[in-house]
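We will go from a sheet to a helix and then to some aromatic rings.

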Amino acid sequence: MPAKAIMIQGTMSSAGKSLVAAGLCRIFRQDGLRVAPFKSQNMALNSYVTREGLEMGRAQVVQAQAAGVEPSVRMNPILLKPQSDTGSQVILNGTVWAALSAAEYYRRKPELVPHVLRAYESLAAENDVIVIEGAGSPAEINLKENDIVNMGMARMAKAPVLLVGDIDRGGVFASLYGTAALMEPWEKRHLKGFVINKFRGDVDLLRPGLRQIEKLTGIPALGVVPWLSVEIDDEDSLSSRLSRRRGAPGAVTVAVIRLPRISNFTDFAPLEALPGVSVEYVSTPGELEQLGEPELVILPGTKSTIPDLLWLRQCGLETAIQKLASRGVPVLGICGGYQMLGRTLSDPLGVETTPGTVVRGLGLLPGDTVFEGQKVLSRVEGTLLTAPKGLESLAGARLDGYEIHMGRTQTDPGVPPLCRLAPLGEDTPREDGAVWGNVFGTYLHGFFDTGDALEGLWAALAEKKNLDPQVPAPDPAACREEQYDRLAAALRESLDMAAVYSILEEGV
């Protein structure tokens, strides 16, 4: 029997759809059901590579982990990775399909419906419940035609819908009422409940409004979710974690450069959970200067390496990073950040820029990058071979992560590789990355996820600050599970779960 479905939509982007969906995935799993997440179309620069070497959105990876299942590209058959203000790279079933303008993508969406249905029906055949997430708002009336991610998806899956509103931004009752008012009659038949999210204060003061919104719309309010301080991977660069936050005096400081098109910043979540470490996201030379001399500077991944490198140069951060590196501060580049650290970046095919473009890099690593037409997608594991100067305790760390990149980097003869990696389940190791004094880079995303590199980094940086180097680094996987359980407990307490289950059983 195919799975029952329930869909989480929002009155706007970042209303909390992903978090509520993840919480419901964990609740259904705790209650003994086989559950899987699904989002037909995701737009995000935070992506993930599955065991099969396919690319999908990070939000559905989080939801799969909450559901206790292996992430599958079927959970997110379409991923849009913005390349400009008006265009995106379209990832279909885990691989690059096309690079399209917004208008071209809108015109070609009907071609994608069979792919969406195949992915959904495959999951539905294997599970008891599918938790579907929408995108943006179902009230975007200019985009309703050919919709495949909000009410269009609800109709394809015959799914009841819970609508989430963000009270923290203000106007939550107007946004809930307005969204419902703009729905067509058939859409309203899918709408089964309201959820108010990110509430701070006394819920009793909100109850008159809840009663009135129910009276005005005929839709029940199923609960008020409080503002939750849970450490769960975020979907995109709207994340509040990218705002700078000053650590306690004496704490180890890690400066992450907030590039305009930063991607896969979830790489740094394990660092943020490390006791005594303050991770600071900086986007100006002044912000970096205020940190004094951080213990580590990280250039993260980016969807557009060359444009972000030019931004780094124009705003003055390039010079600031070079000065810190010359003073012995360790500098780590991951993926696009690794490419920036080299001498040159070449784009002969026009993958990122005008064909034939060549730009100089920061010159901190002796190597050159060339962008090619075929994207590298791979889950890998391996060992750190050569530690950078000042971080010698990293040597020998076990590594486990993934690669997503269009560029290939060639270092000069004699430059030590950072690590040796091999695809999961294969005995075909190869060298990756480079180390040059206190500067090091790698294509590996998830560098700190295993805990080995995290412990080695802490031991080295704590010693510099005269802190206890023996403080154990938290196990990232155990911390993640604890956060999912906290999220589920908060939703059980704040939502009418009996009503949710009734809506799930009754369907549409």
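Two strands count as paired if DSSP finds at least two bridges between them. With that in mind, take this predicted model and select Val 252 and Val 277: Val 252 stands opposite Val 277 in strand E15.

**Stop 1: the sheet**

Now widen the selection to the sheet around these residues. Six strands make up an open sheet, in the order E15-E13-E16-E18-E26-E25, with mixed pairing. Its edge strands are E15 (277–282) and E25 (434–436), each of which pairs on one side only. From one strand to the next the twist averages 15 degrees.

How many of its residues are buried? Six of its six residues are, leaving the strand mostly covered. Show the side chains: Val 277, Val 279 and Tyr 281 point one way, while Ser 278, Glu 280 and Val 282 point the other way. In a regular strand, side chains alternate between the two faces of the sheet.

Step across to strand E13 (residues 252–257), which runs parallel to E15 and is joined to it by six bridges. Pick Val 256 and you will find its bridge partner in E15, Tyr 281. E13 is mostly covered too, with six of its six residues buried. Val 252, Val 254 and Val 256 point one way from E13, and Thr 253, Ala 255 and Ile 257 point the other way.

On to E16: three bridges join E13 to E16, and the two run parallel. Select Val 254 to see that it stands opposite Leu 296 in E16. Next comes the step from E16 (residues 296–299) to E18 (residues 331–334), again a parallel pair, joined by three bridges. Here, Val 297 has Val 331 in E18 as its bridge partner.

**Stop 2: helix H15**

Select residues 476–494, which form helix H15. Try the distance tool on its end C-alpha atoms: they are 27 Å apart, which agrees with the 27 Å that 19 residues should span at 1.5 Å a residue.

Colour the buried residues of H15: Pro 476, Gln 483, Tyr 484, Leu 487, Ala 488, Ala 490, Leu 491 and Ser 494. Now look down the axis of H15; these buried residues fall within an arc of 160 degrees, so they line one face of the helix. What covers them?

**Stop 3: aromatic pairs**

The model holds five aromatic pairs; we will visit two of them.

Select Phe 38 and Tyr 120, an edge-to-face pair with 5.3 Å centre to centre and 75 degrees between the planes. Phe 38 sits in strand E2 (residues 35–38) and Tyr 120 in helix H4 (residues 113–124), so the pair links distant parts of the chain, 82 residues apart. Phe 38 counts as buried because its relative accessibility is 0%, and Tyr 120 counts as buried at 6%.

Finally, select Tyr 48 and Tyr 402. Their rings form a tilted pair, 5.4 Å centre to centre with 55 degrees between the planes. Tyr 48 lies in strand E4 (residues 47–49) and Tyr 402 in strand E22 (residues 398–411), so this pair ties together parts that are 354 residues apart in sequence. Are these two tyrosines buried or exposed? Tyr 48 is buried, with a relative accessible area of 9%, and Tyr 402 is buried, at 1%.

Conventions
Residues numbered from 1 in each chain as written. Predicted model: local features only at pLDDT ≥ 70, side-chain atom pairs only at ≥ 80, totals over all residues. Heavy atoms only, no water. Helix = DSSP H or I, 4+ residues; strand = E, 2+ residues; numbered from the N terminus. Axes fitted to C-alpha atoms, helices over the stretch in contact; angles between N-to-C directions. Expected span 1.5 Å × (residues − 1). Buried < 20%, exposed > 50% of the residue type's maximum accessible area, 1.4 Å probe, protein only. Arc of directions from axis to C-beta. Phe/Tyr/Trp six-rings, centres within 6.5 Å; stacked < 30°, edge-to-face > 60°.
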